[in-house]
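Dear colleague,

Please find below the structure that I am handing over to you.

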Amino acid sequence: MSEFHVSSPKHCAKQGFKYKKLLYTIFTLLTSLILLALLIWFIIHPTKPNFSLKETNIDQLMALSSSPSTPPQLLNSSIQLTLISTNPNQKLGIYYDQLQIYASYKGQQLTSPSPLPSFYQGHQDINVLTALLVGAAIPIDPSFVFEVEHDLAVDGTLLVDIKAHGRLRWKIGTWVSSRYGFSISCSATMAFPSGVNGGYPLSLKKATQCSTAV
């Protein structure tokens, strides 16, 4: 003989009430955690990091042609730089991940993106980052050589842009945020060394502040 179990409407109502109460508890807990995280975020009010260029040297800018009768189409380059990173926050540390940096001139890329090592920056810490940027057979516009020669002849300088991008995470205590994309943009006025007419290296005239977007 088969055995059947039949629940009364009253029993079903109790079960439904238990499920609703459980869902309500979970929802309340998640909402409280989100509100707490937002409250901490607004109280701390993280300030984006500061970057500046301390030193930059262009050791090589060599335009290459496929034949003597054609204008240069490729570029070999070598640029050394020193970047200063500052965390202005008194209570927040910063993790930097997936950093890439390259140089450009009037929208023309001079070097390939080069990786920088990931690192952690404590409260109000200052870090010195060095990089060697290299370009090997970088395609260039036919007017590139003319533009460079014109700027060096007229002003004796080149305005080079140093660009970097990556991802960062904020840290307070043991809590670490999710990753946020950020970018750095620096304008470096490069000049011939004093007493040198032409040739390399071109050097940064003075330290320059960079802009940072998070």
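A residue is called buried when its relative accessible area is under 20%, exposed when over 50%, and partly exposed in between, with a 1.4 Å probe and protein chains only. The model is predicted, and local features need pLDDT of at least 70, side-chain atom pairs count only at pLDDT 80 or more, while totals for chains, interfaces and linings use all residues. Residues are numbered from 1 along each chain as its sequence is written, and side-chain values use heavy atoms, with hydrogens and water left out.

Let me begin with the charged side chains. Side chains of opposite charge can pair when their charged atoms come close. A salt bridge here is a side-chain nitrogen of Lys or Arg within 4 Å of a carboxyl oxygen of Asp or Glu. By this rule there are 4 salt bridges.

One of them joins Asp97 and Arg169, with 3.0 Å from N to O. This pair links distant parts of the chain, as Asp97 belongs to strand β3 (residues 93–105) and Arg169 to strand β8 (residues 157–172), 72 residues apart. Strands (E, at least two residues) and helices (H or I, at least four) are DSSP runs, numbered from the N terminus. Asp97 is buried at a relative accessible area of 10%, and Arg169 also counts as buried, at 19%.

Asp97 forms a salt bridge with Arg179 as well, where the closest N and O atoms are 3.3 Å apart. Arg179 sits in the loop between β9 (175–176) and β10 (180–191), 82 residues apart from Asp97. With 40% relative accessibility, Arg179 counts as partly exposed.

A further salt bridge pairs Lys106 with Asp151, the closest N and O atoms being 3.2 Å apart. Lys106 is in the loop between β3 and β4 (108–109) and Asp151 in helix α2 (residues 144–154), so this pair ties together parts that are 45 residues apart in sequence. Asp151 counts as buried, at 11% relative accessibility. Through shared partners, salt bridges join Asp97, Arg169 and Arg179 into one network.

Which residues does Thr56 touch? Leaving aside residues up to four places away in sequence, Thr56 is in contact (heavy atoms within 4.5 Å) with Ile79, Gln80, Leu81, Met190, Leu202, Ser203 and Leu204. Thr56 lies in strand β1 (residues 50–64) and is buried, with a relative accessible area of 2%.

Yours sincerely
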